[in-house]
Structure formats: C-alpha cells, structure tokens
Amino acid sequence: MLANPHDIRARLAAFVSYRAAHLDGDEKSEAQIFLERFFQAFGHDGIAESGARLEERIRVTGRAVSFADFRWSDRCIIEMKKAGTDLKRHYRQAFEYWIGAVPNRPRYVVLCNFDEFWIYDFDVQLDTPVDKVTMSDLVSRHEALSFMLPIRRAPIFGNDLEAVTRRAAAEVSGVFRSMRARGVDRLVAQRFVLQSVVAMFAEDIGLLPEKFFTRAVNDAQTGTEAYDLVGNLFIAMNTPGDTAGGRYVGTPYFNGGLFANVEPVELTDDELRVLRAASTTNWSDVRPEIFGTLFEQSMDEGERHAYGAHFTSPVDIAKVVFPTIVKPWMDRIATAASITDLELILLDMASFRVLDPACGSGNFLYVAYREMRRLEHEVKAQIDDRRRSGDIRAQSALSYVTPDHFLGIDNNPFAVEVAKVTMTLAKKLSADELGETQDVLPLDNLDASIVSGDALFVPWPHAHAIIGNPPYIGRRKMADELGLGYIQRLAQRYPTVGGVSDFVTYWFRLANDALRDGERAGLVATQAIRDGGSRVASLDYVSEHDGVIYDAVSSQAWSGEAAVTVSIVNWVKGRDHAPDERILWLDGGDLRLPLAEIPPTLRPDTDVSRAVPLALNRRPKVCFQGQTTGHVAGYELTRAEARRLIREHPGSADVIFPLVGGDSMLKTLKPDKFIIDVPDKELMDAEFKYPAVMRHLRENALPHWFAEAEKEESKNAALLKTDPDGRPVLVKTQFLNSGWWRHWRRREEMLEAYSGLDRYIALTIVAAKERLSVYQFVDASIRPNALLQVFAFDDDYSFGVLSSGVHRAWFDERCSRLESRPRYTPTTVWDSFPWPPDPQPQQVASVAAIVEEIIELREIYTSRGATLTKQYDALRQPGASRLRDLHAALDSAVLACYNFSPDDDLLAQLLALNFALSEDPAQGRRPGPGDFSEAYSTTWRLKADPLVV
C-alpha cells in the first residue's frame with residue numbers, strides 16, 4: 001500500500017521508463033507484462049494477489065465467450081491494443097465488454113495502446129472518454145486513474161462533458177426566458193437562440209471562421225448594437241457562397257433551413273452579457289445528444305432546473321440502438337468474405353433509413369447516426385486493410401450515411417427544431433471524430449426528414465429500423481392531459497385499442513405494422529406494457545403479428561425522468577430473421593438470461609432445471625447430509641447407557657456424542673440421545689481404545705451386519721441362478737469385512753468441515769409442506785443424524801441467506817419430493833444456488849442483525865413453552881406476527897445483498913446469476929461469511945446437557 005503521493009509518482013515514473021526501454025508495444029507478447037508492471041506501479045503486489053484477472057471471460061451477446069485482457073472486480077476492465085493503434089476503432093469493443101461483464105459490472109473501461117490510456121465511464125458518457133492520459137503525462141495525470149489504487153479514490157477527470165453541457169444549456173435557455181418575459185414572440189425567440197447555439201458550435205468545430213459570433217457579442221456595447229452585429233452575421237450565414245467582404249468576409253453558407261428566416265432581436269444588456277459568457281464555453285465539448293433535452297426542459301423552468309434536469313442517458317439509448325441497428329450490421333460486417341461484400345454493405349448503408357416516431361430533441365436519432373457512421377468507417381477501414389493498393393481516397397471521401405436518412409416525427413414544433421439542429425451538427429462532429437475531411441457545408445436541410453406532426457394520425461415514412469421513447473400516459477389520465485376530443489378521435493381511428501391500455505401502446509402497434517419482413521424496432525415504454533390491457537394492446541399484438549422479441553430489459557429505472565420504471569423491447573418482423581438465442585435482461589440490465597423465447601410478459605416461465613452446478617459451491621464442500629449409521633438401534637444410546645459405558649471404560653467418552661435429529665432440533669430443543677461414532681479403521685485399534693463400546697457394538701450392531709450380509713448373499717445366489725453372467729452386489733459383505741463398528745456413512749468430510757467451528761447450521765432434510773424452512777445453530781460437539789442437512793457455517797449472515805425466501809424459492813423449485821413434502825437435495829438445490837456475488841459490509845450487517853432478532857424472539861417463545869414447530873406452524877395462519885415481520889425484513893435484506901430488482905421474477909434473476917457464475921466463477925463469492933466481520937452477531941447454539949458419570 002502506498003505511504004504517500006510521492007511513492008505513486010516514483011513508481012509510475014519507473015513504469016514509464018520500463019515501457020520505453022523494454023517494450024515494443026506488441027499486444028500478443030507484451031500486454032500481460034505491461035499490465036502486471038502497471039498494476040504494481042499503483043502499489044499492488046501483483047494482479048493475482050489483488051484478486052484481479054488476466055484474460056477474463058466475458059459473454060458478448062450473440063457471440064462465443066470473449067476474453068478481456070484485464071478485469072479487476074467491479075472497478076475496471078482494461079483492453080490492450082498494439083502500439084500505434086487508433087483506439088477510437090475499438091470503442092465499441094470496450095462498450096460490449098462493459099455490457100457483458102455482469103454481474104458486478106465494472107465502473108470504468110480503459111483502452112490502452114501502450115502509449116495512451118482512454119478512460120470510459122459509460123454511465124456518464126457513452127462514446128467519449130472521460131479522460132485521455134498519455135504515457136508521457138501519466139505521472140502528472142495519474143489522478144484520472146485513481147480507481148486503480150489499492151484503496152480506491154474518486155478519479156479526477158479532465159473531460160466531464162455533462163457538466164459543460166448543463167452549463168451551456170442553462171446559459172442559453174436563460175436568454176430565451178428573458179426574451180419571452182419581455183414579450184418577444186416565442187417562435188422568434190426560439191429561432192434566435194437556436195441560431196446562436198449553431199453559431200457558437202460552428203466557431204468551435206471549425207465551420208465559422210474568426211470567432212465571428214464571439215467577436216460580435218463582445219464588440220457590441222449595447223443590445224442595440226448586437227441587433228446589427230449578430231443579425232448581420234446570421235444573414236451572412238444564410239447567404240449562398242462565401243461572404244465576399246465586410247466584417248464577416250469568408251463566412252460560408254450554412255443552409256436554407258434554420259437560417260432561412262433571420263429576424264434580428266434587440267437584446268437587453270443582461271441578455272447580451274449572458275451570450276458573451278456562453279460564447280466562452282468550448283462548444284465542441286457540448287454533447288448534442290443531451291443538450292437538446294436539457295435546453296428544452298430548462299427553457300421554462302429556470303437555470304436551476306437545467307442543472308438538475310433529467311435527460312435520457314446515452315447508455316440507455318444504446319439498449320435500443322445496439323440490438324436494433326448496430327448488432328445486425330456488425331454481424332454482417334463480420335461475415336464479409338471479400339472487398340466486394342464490404343462494398344455491397346456500403347451501398348446498402350446508403351439506402352438504410354431509421355425512424356423515431358416520437359423523436360423529441362433527437363437524442364435517439366443522434367446516437368443512431370453516430371453509430372452508423374462508425375460502422376461505415378469500420379467497413380471502409382476493412383476495405384483499406386484488404387486492398388493491396390491502399391488507394392481508396394475517393395471512396396473514403398464519400399459518406400454513405402447521411403443525416404437526412406434519420407427521420408423523425410414529433411408533435412412539439414420546438415423539439416423538432418432542436419432535433420434538426422442536433423442532427424445537422426452530428427455530421428461535422430462525426431467527421432471530426434473519424435478523422436475525415438469531407439465538406440459538411442452547407443448543413444443538411446432536414447425540413448423534410450424531421451417533421452412536426454402527431455404520429456398517431458400522420459403517415460409514417462418507411463424505415464428499416466424504428467426506434468424511440470414514445471410518450472406514456474396512463475389510460476385514466478389521458479382524457480385530462482390530452483382532452484376528451486382527442487380521446488374520441490383515437491377511439492375512431494383505433495377502435496380495437498381500449499380498456500386500460502397506456503398511451504404508449506399505440507406506437508408498438510404502428511411500429512409493428514410499419515415493419516417489413518426482416519426489419520427491426522426497439523422502443524422504450526413504461527413497464528405497464530408487461531401486464532393487463534397494455535400488454536394486450538402492445539406486446540401481445542406484436543407477437544401475434546409476426547414480431548419476435550429477441551432482446552429486452554424486463555424493467556429498469558429510466559434515466560429520462562424521476563420515479564419512472566420502464567421496459568425496453570427490441571423485436572424483428574418475421575420469425576426466420578430472429579436470432580436463435582434471445583436475451584432477457586433482468587435486475588435493471590445487470591443480469592443476462594438467455595432464453596429460447598421471450599414472452600410478451602417479459603417475465604420468463606422460469607425453468608430452473610436448466611441451472612448448473614457451481615464450482616464455488618462444490619469446493620470446498622460445506623453442505624452435507626448428517627451421519628447414517630446403517631442400523632440406528634445398534635449405535636444409538638440413551639443417557640443412562642452412555643453413562644454406563646463411560647463408567648465401564650473412561651475412554652468411551654471419546655467416541656460417544658450427543659445426537660440431534662429433527663424432533664430434538666425443532667421440538668424438545670435438547671439432544672436427549674447419544675450416538676457411538678468410532679473413527680478407527682483398524683479393528684484392533686478400536687478394541688484396545690474402546691473395549692466397552694466395542695463390546696456394546698458386537699452385541700447390538702454386528703448381528704445386524706451379519707444378517708444384512710446373509711440377505712445379500714441370498715440375493716446374489718438367486719441372481720446367478722437365473723443369470724450366470726449377472727454382477728453380484730457385495731456392499732454389505734464388504735462393509736462387514738472392512739469396518740462394521742463404524743457408521744455406514746460416517747461423513748468424515750463433514751466432520752472435518754466444521755471441526756474448527758463452535759457451531760454449524762442444521763435443517764431437517766424433509767420440510768413440512770408450505771411451512772418456512774427452520775434452520776438452527778447446533779453446537780459442534782453434537783452429531784447430526786441422517787435426517788438433517790448440515791451447513792458448515794457458524795455466522796449469522798449465512799444463516800440469514802439460508803433462512804430467506806430467496807433460498808427457499810430455489811429450494812422449492814429444485815428439490816426432490818417425499819410424497820408432497822419438499823426434500824432438500826444438495827446436488828440439485830445447494831450445488832446450483834448462487835450466493836450473493838458482491839454484498840456490501842452494511843448489507844451483510846443488516847442480515848446478521850435481523851437474524852439476531854429472530855433468534856432472540858424464538859428463544860422468548862421457547863421459554864414460554866412454544867416449540868419451533870409450533871412457532872413456524874403459526875405463520876401459516878392469518879394474524880399479526882412479529883416473527884412473520886422479521887422474516888419479511890430478512891427477505892428484503894437478503895434481496896438487497898443480491899441487488900436484485902423487486903420488479904423482476906426472483907427465480908429468473910437467480911437463474912441468470914447461476915449462468916453468469918458458471919461461466920465465470922471469479923465474479924462470485926464462495927458461500928459463507930468470507931472476510932466479513934459484520935457476518936457475526938450471535939453466539940447462540942443448541943447445546944446438550946453434559947453427561948454426568
């Protein structure tokens with residue numbers, strides 16, 4: 001661990017020198033050496049010693065398992081590329097690794113080419129690194145990688161674009177509000193502010209020369225002067241060709257869309273001051289995909305609202321754009337066998353259309369466009385890689401993906417104007433990102449592509465992919481918010497949609513009807529579409545009309561609005577076009593459940609028989625059946641018999657133990673019988689050590705084993721008489737000849753497992769039907785009989801997980817049955833049960849604290865004469881119950897340890913976690929307390945009264 005900041009600088013300086021002197025930057029041969037040294041430079045002994053892993057398995061949707069170069073728990077993934085690699089070509093790989101790294105998805109992803117570290121925080125910024133650190137700056141800029149320290153610290157990033165965007169939105173929306181307050185026409189004010197925004201963007205992305213807008217607002221001494229200076233600039237920007245002379249000489253023609261109408265506004269001094277401040281922002285850092293929403297929301301709410309307003313997170317938009325648009329193109333690119341195949345892909349991209357029929361400020365269209373441009377760039381790069389001449393400059397200059405192919409409809413005219421601005425800027429920003437030099441002026445006129453209208457009443461243009469986040473309004477609120485007349489028009493237009501279906505359901509029907517065979521859609525909706533009338537009108541309709549859901553998030557909190565829980569649904573028209581493996585994302589998108597079919601309920605009919613044994617649960621073994629003597633009467637003793645044998649020979653005390661079974665654990669709460677348990681495998685050793693005990697066994701156990709061997713011999717004789725080639729069964733005979741004085745199944749492994757503990761946890765193997773499982777701590781000096789399941793844990797946290805409804809739900813589905821009663825079967829129940837993979841100390845402490853309350857309450861009731869059986873039978877009856885309340889609290893506390901969503905099916909989440917941990921055990925925890933001191937809160941255990949000889 002680092003003692004002070006100087007240590008980290010010295011270590012990193014040594015690392016930088018090592019890289020320069022000894023590494024060429026070859027990914028295959030040097031990546032692991034580089035990573036090990038890098039990890040040590042941050043103060044670790046090594047990668048393995050810190051629990052991080054190289055070549056970490058990650059399931060990428062639709063592909064075989066991939067391997068990330070480095071993963072460290074929930075902290076980060078590092079993906080290495082050879083020196084000189086253009087890292088922007090690998091952003092999507094980084095994002096896919098991040099999506100697939102569940103459970104315990106890391107916060108950060110780092111792309112590194114031996115000389116640069118591109119740091120991504122996808123929760124904050126989807127496609128732009130939150131920082132870039134070069135090797136030469138690593139020592140001075142190491143705070144950007146503070147999450148790599150042994151004790152993690154919050155990193156300090158130099159590229160937090162969300163904060164820049166919020167500030168810019170607050171400033172320019174303030175100008176709009178001021179103009180409206182003093183009577184400027186709304187459309188005039190909107191247009192003027194949007195023209196100002198485009199001018200400031202244009203300055204900072206190299207489209208508008210000489211900082212003309214900034215100079216105009218700085219040179220204007222008054223609002224009256226700004227009327228002329230800013231107004232004339234906008235006129236110049238709308239004049240075809242380059243401005244020939246004057247103040248704005250060289251200003252290029254922008255377009256005939258946004259600047260087609262220039263109405264100069266005489267600003268107030270305060271408005272002019274705010275525009276001056278806004279012009280100092282580096283607008284190339286402003287994120288268009290969130291700016292429009294923040295700007296639109298803050299126009300009537302105030303500056304404070306701009307800083308706290310919600311916007312749809314780009315990573316949430318990606319949950320639609322990636323499955324619906326990106327993934328199909330990536331699959332096609334991956335299978336391209338020749339340059340001709342790749343060129344055909346480019347031609348098909350040129351005709352590809354995307355529609356958002358509720359586009360708002362254009363966020364979904366912007367993300368879709370940027371991703372399509374990246375895909376196009378990748379195709380061109382692959383052609384370049386394959387073409388021997390390398391001369392495709394003419395082809396590179398041509399963009400097949402253009403903003404006018406991204407179509408939108410919205411009933412808010414101003415949102416439509418913002419969307420047009422967002423998409424016109426996207427062209428230049430994409431070109432800059434991809435290192436292209438194409439001419440983007442004049443800006444595309446998108447008046448025909450993004451239009452104002454009611455999508456439920458106007459024709460939709462044809463598109464190959466339909467995406468978006470349509471409005472959702474509960475049926476009972478629709479009349480209040482939309483008006484009775486509108487509701488009546490809806491009823492006339494869509495007579496089959498009614499009941500209590502949500503407003504959003506209309507978009508699902510229209511989207512599915514608009515799709516042609518093989519085309520896709522991805523929409524966000526309130527989670528109400530999973531149930532009742534909303535499901536019938538939306539997802540049931542899709543499924544009944546040739547739509548196949550292949551990727552969906554069952555439910556998650558939505559980034560766009562507070563307190564809204566949504567479902568995300570991606571589907572394709574035509575069963576022949578659906579992928580074989582469909583993915584249902586549970587737990588807010590943090591658990592991946594592969595299914596053969598995703599039902600319209602977005603809740604799987606969970607078949608947990610598909611669960612697989614987990615290595616984490618099987619070694620070391622901690623779950624056992626109690627001891628099986630094979631002949632209880634021969635080994636079991638009353639208290640009086642036990643005392644007599646010890647009086648005869650004191651050494652007998654070493655092999656006589658209190659015995660606990662179901663009745664003594666749940667009813668009498670006192671072991672009242674004892675058991676002989678001789679460990680010795682040599683007969684004479686046992687005879688010398690325990691003569692009284694061995695005499696008792698010869699008299700009471702040995703005759704039984706002789707009889708069993710004779711029965712076995714008779715059966716074998718009958719077998720061989722009818723089938724001379726039959727195989728005799730000799731297990732009883734072999735046991736008689738090898739160790740008849742021992743137990744038939746002594747469970748040495750169990751005894752060893754809890755030998756270092758003061759207590760273990762026990763459960764009756766066969767449970768009462770419809771009664772909660774009753775677990776009990778038992779003193780380690782007491783032997784469990786064969787009717788008990790034993791767990792070699794002594795902590796209250798493990799007791800709580802086992803006692804919870806989470807574990808019981810798995811038990812009920814995976815157990816065997818004795819008549820109608822559930823029977824705990826370790827090979828099906830325990831071996832496959834996923835333990836909470838990443839509980840926090842406070843969560844563990846919460847579980848342990850509730851267990852303490854449960855144990856204390858059970859003791860109070862026991863002292864009043866109520867057995868545990870009676871206490872838990874009472875829970876099957878109605879009425880107030882403190883014990884019931886505590887178990888409900890325990891269930892909630894255990895669910896919190898899993899971080900499961902209460903809106904998703906519990907068994908489906910457990911099954912998804914089982915799959916995840918079977919593929920990558922390193923993402924889980926072994927059952928038990930681990931290193932949590934918080935797991936312990938009690939010392940109580942069932943004890944036996946001592947034998948007084």
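In this predicted model, ring pairs join Tyr 775, Phe 791, Phe 793, Tyr 797, Phe 811, Tyr 824, Trp 830, Phe 833 and Trp 835 into a cluster. Across the whole structure, a search finds 48 aromatic pairs. A pair of aromatic rings is described by the distance of the centres and the angle of the planes. Two pairs are set out below.

| Ring pair | Distance of centres | Angle of planes | Class |
|---|---|---|---|
| Tyr 108 and Phe 147 | 4.3 Å | 20° | stacked |
| Phe 201 and Trp 283 | 5.3 Å | 70° | edge-to-face |

Tyr 108 belongs to strand S4 (residues 108-112), and Phe 147 to the loop between strand S6 (131-134) and helix H4 (161-181), so this pair ties together parts 39 residues apart in sequence. Tyr 108 is buried at 9% relative accessibility, and Phe 147 is buried at 2%.

The pair of Phe 201, in helix H5 (residues 186-204), and Trp 283, in the loop between helix H8 (269-279) and helix H9 (288-298), links distant parts of the chain, 82 residues apart. Both Phe 201 and Trp 283 are buried.

Charged groups also sit over rings. The charged end of Arg 105 lies over the ring of Trp 98, 4.9 Å from its centre, and that of Arg 489 over the ring of Phe 457, 4.1 Å from its centre.

An open sheet is formed by four strands in the order S16-S23-S20-S21, with antiparallel pairing. Its edge strands, S16 (623-625) and S21 (775-779), each pair on one side only. Strands S20 (residues 759-764) and S23 (residues 788-791) pair over four bridges, and Leu 763 has Gln 789 in S23 as its bridge partner. Helix H30 (residues 796-803) lies across S20, S21 and S23, running at about 145° to S21.

Technical notes. Residues are numbered from 1 along each chain as its sequence is written. This is a predicted model: local features need pLDDT of at least 70, side-chain atom pairs count only at pLDDT 80 or more; totals for chains, interfaces and linings use all residues. Side-chain values use heavy atoms; hydrogens and water are left out. Two strands pair if DSSP finds at least two bridges between them. Helices (H or I, at least four residues) and strands (E, at least two) are DSSP runs, numbered from the N terminus. Contact means heavy atoms within 4.5 Å. Axes are lines fitted to C-alpha atoms, for helices over the stretch in contact, and angles run from 0 to 180 degrees between N-to-C directions. Rings of Phe, Tyr and Trp (its six-membered ring) pair if their centres lie within 6.5 Å; planes under 30 degrees apart count as stacked, over 60 as edge-to-face and the rest as tilted. Buried means under 20% relative accessible area, exposed over 50%, partly exposed in between (1.4 Å probe, protein chains only). A charge sits over a ring if NZ of Lys or CZ of Arg is within 6 Å of the ring centre and within 35 degrees of the ring normal.
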